[in-house]
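Visitor: I have a model to look at. Please walk me through it.

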Amino acid sequence: MPPIIRVENLTKRYKKARTNALTAISFQVAAGEFFALLGPNGSGKTTTISILTTTLLPTSGRVIVADHDVTQDPSLVRQEIGIIFQKPSLDRNLTAEENVRFHALLYGLYPYRPSYGLMPKTYKAKVDELASILGINNEIFNPIKTFSGGMMRKLEILRSLIHQPRVLFLDEPTAGLDANSRRALWSYLNEVREQKETTIFLTTHYLEEAEQANAICIIDQGKVVSYGSPEEIKADLIEEYILIDAADRPKLLEELDRLNVDYSAEGPFRIKSRPHQVHQLLKAIETPLTIVRTHAPTLEDAYLEILQRSSWN
Amino acid sequence: MELSAILAIAQRDFTKLLRDVPRFIGSLLSPFILIGVLGGTIQSIQGDGIEYDYITFVFTGVLAQTLFSSAAAGVISLIEDRENDFSQELFVSPVSRYSIVLGKILGETLVALPQGVATIIFGFIIGVPISAAQLVALLPVMLVAALLGSAFGLVIMSNLSSARTVNTVIGFIIFPQFFLAGVFAPIGALPPALELASRLAPMRYVVDLARGIFYSGLPDSSAVVVDTPLTNIIVIGVLFILFLTAGTWLFVRSERNR
């Protein structure tokens, strides 16, 4: 099956900017996959998502989303995607139902009617269904401003799903939500993904959210610095080592030289080692050690390390 | 589909106005202030030296001006919208950009109309002599004023890069037109430089059209009306088409090409 998102050598330089916001980034997303785009603030995440969702033109490179080119056929792409923005994009002056109706009319799902009462039965049934999923059967005709942040987010996701998008873009969707709402949102999104096989494209800087992804692309300063499954990324960057030190350093070093082990220049000394080799190494060392620590980083350590590496280059 | 979207966009603007009570009341009050306070003050300075009824003169001017500038400001607000919450949803929808523009123009025209009605009611209250025939004739003029205003707003909006400049620009581009269009003082005999500036102010043509229609057949007509309604309508038609095509083209181009 061809990938549902294909980004090839995408470069973006804003007008009047001296440097590129994105430099020749490439990645692919398979249909039905959960893809996470990670990066620090200002790394180019929003620029990337803007181009993929057709609100910004690329400077060069090719982007195909749901079989259409974002530059040549933006409106065909728009029909196939749903987007949850960083800031809630509900109209606070309208009721929940009016927000949903507006969306349905924009996507041409129903003909225009001036009020809810005049809308087709199929539409009303859809609204009922949405309201019961959210448990807001009574509040669906209330103004949005009376809703909590978590509820608004959920409504937005439901709204973005009514035109059955093949790809759902989420731009830092949980920013500003408390831990509870965040967890509820994710369990709901996972449900959606299983039921509708919607591809999910997420930008975030919460690592625990990315950890569930099938694939992660880390960008920094507009360049891809790491790309693969969470396991691959960890394996790629996770340097496992043990840290040792002794009161009598010269003696320890002499011993390490004799054992033919590489170590870092300054103490405490880092020794690259796989977990199963640790025991053997320690057994071989006779100098009394003052520090023995094994180091096996988390994805977060890995992420920070990748970013650090990229800023040194 | 596009028609449904246009109507939905227009309806949203109007619904928003109705829900925002302070804004709604404020918008209804602004003609009262312009006619009652500003008009009244200027009249007292001028004294009885003028041969036509000054309040009626200001009333007709403010009627056209209110519709024009309210619609223009409404469309310009689309750029403010673009940077916050809701219109992101609009811009990523498959609706054509032309439909977004048309929906917005239609919507802001609808939003401006209640102000026109409020102006007329205030006119009745302060005793401006309005006949039934004049009233009926003014209705299409109000629509024309609002439509030209929103098309004008579109051109301005397309040339702005950020919402921060909006308020400055509204003050800079709309306010001078109050005087260049002759809302508060006749523009029949202006010095050449001001005459040119006045001819360039689009609001002038709707104000003059409103007066041409209102004063039609009345003795004061020659003192307050500059051009014939036909001339004004032709100029308005040309400007409207020009603003609409140029504005939409610029808007569509600038939106993605950042």
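Visitor: How far apart do the C-alpha centres of domain 1 and domain 2 of chain A lie?

Guide: This is a predicted model: local features need pLDDT of at least 70, side-chain atom pairs count only at pLDDT 80 or more, and totals for chains, interfaces and linings use all residues. Residues are numbered from 1 along each chain as its sequence is written, with chains lettered from A and ligands numbered from 1 in the order written. Domain 1 covers 5-89 + 165-229 and domain 2 covers 239-296, with bounds from an automatic or database domain assignment. Their C-alpha centres lie apart by 43 Å.

Visitor: How many residues of strand 9 of chain A are buried?

Guide: Strands (E, at least two residues) are DSSP runs, numbered from the N terminus. A residue is buried if 20 or more other C-beta atoms, placed from the backbone, lie within 10 Å of its own. Ala215(A), Cys217(A) and Ile219(A) point one way, Ile216(A), Ile218(A) and Asp220(A) the other, and all are buried. For strand 9 of chain A (residues 215-220), the count is 6 of 6.

Visitor: Why do the side chains alternate?

Guide: The rule concerns a regular strand. Its side chains alternate because they go to the two faces of the sheet.

Visitor: Which residue is the bridge partner of Ile218(A) in strand 10 of chain A?

Guide: Two strands pair if DSSP finds at least two bridges between them. Strand 9 and strand 10 (residues 223-228) of chain A pair antiparallel over 5 bridges. There, the partner of Ile218(A) is Ser226(A).

Visitor: Which residue of strand 9 of chain A is the bridge partner of Ala36(A)?

Guide: Strand 3 (residues 34-38) of chain A runs parallel to strand 9 of chain A, joined by 4 bridges. Ala36(A) is partnered by Ile216(A).

Methods
A residue is buried if 20 or more other C-beta atoms lie within 10 Å of its own, exposed if 12 or fewer, and partly exposed in between; C-beta atoms are placed from the backbone.
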